Amino acid sequence: MKDLFLPYELAVIAKEKGFNEPCLAYYDNNERRDFYLVVKKESNVELLPTPLYQQILNWFIEKHDLEINVKSWKGEGDGKITWIYSVKALGVPSTYRFNTKSSSRLEAWQKAITAAFTLIK
């Protein structure tokens, strides 16, 4: 179930870029980076909000007018599936296109979200 949420490194960037919404999961900012699905916040513990992938995708659309897409691509010859992604401004075709190939869908989502963060000032 942990794979449904952003990894620690992306959760840190999300917070730095202004993500501040309630989440179902949190990372503890300790050296172990403990992950909690259900949290009773203690006053002396600093927790990092950890959004679901869908939650951060909605945040990009609602707060920054950025749409992220991930699609599969079947290579010619070898027939292997690779994953490509794009980030675009809402209503504007082909802006901010990043077509870096990835070996897994999850890797493509993480690359796409990282690319989208670079477009937020």
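**Helix packing and strand pairing in the predicted model**

Helix H2 (residues 53-64) packs against helix H3 (residues 105-118) at an angle of about 30 degrees, and their axes are 12 Å apart. H2 is therefore roughly parallel to H3. Angles under 35 degrees count as roughly parallel, over 145 as roughly antiparallel, 65 to 115 as roughly perpendicular and the rest as oblique. Axes are lines fitted to C-alpha atoms, for helices over the stretch in contact, and angles run from 0 to 180 degrees between N-to-C directions. Helices (H or I, at least four residues) and strands (E, at least two) are DSSP runs, numbered from the N terminus.

The structure is a predicted model: local features need pLDDT of at least 70, side-chain atom pairs count only at pLDDT 80 or more, and totals for chains, interfaces and linings use all residues. Residues are numbered from 1 along each chain as its sequence is written, and side-chain values use heavy atoms, with hydrogens and water left out.

H2 and H3 cross in a left-handed sense (the near helix is turned anticlockwise from the far one by less than a right angle; clockwise would be right-handed). On the H2 side, the contact (heavy atoms within 4.5 Å) involves Tyr53, Ile56, Leu57, Trp59 and Phe60. These meet Leu106, Trp109, Gln110, Ile113, Ala116 and Phe117 in H3. By class, the contact of H2 with H3 has 10 nonpolar, 1 polar and no charged residues. Ala, Val, Leu, Ile, Met, Phe, Trp, Tyr, Cys and Pro count as nonpolar, Asp, Glu, Lys and Arg as charged, and the others, Gly among them, as polar.

H3 also packs with H1, at an angle of about 25 degrees and with the axes 11 Å apart. H1 is therefore roughly parallel to H3. The crossing of H1 and H3 is left-handed. Leu10, Ile13 and Ala14 of H1 make this contact with Gln110, Ile113, Thr114 and Phe117 of H3. The residues of the contact of H1 with H3 comprise 5 nonpolar, 2 polar and no charged.

An open sheet of 3 strands has the order E2-E1-E3, with antiparallel pairing. Two strands pair if DSSP finds at least two bridges between them. Strand E2 (35-36) and strand E3 (47-50) are the edge strands, each pairing on one side only. Strand E1 (residues 25-28) is joined to E2 by 2 bridges, and the two run antiparallel. Tyr26 stands opposite Tyr36 in E2. Helix H1 (residues 8-16) packs on the sheet and touches E1 and E3. The direction of H1 makes about 95 degrees with that of E3.

Strand E4 (residues 66-74) and strand E5 (residues 81-89) run antiparallel, joined by 9 bridges. Lys71 stands opposite Ile84 in E5. E4 and E5 form a hairpin with 6 residues between them. Gly77 in the turn has a positive phi of about 90 degrees.
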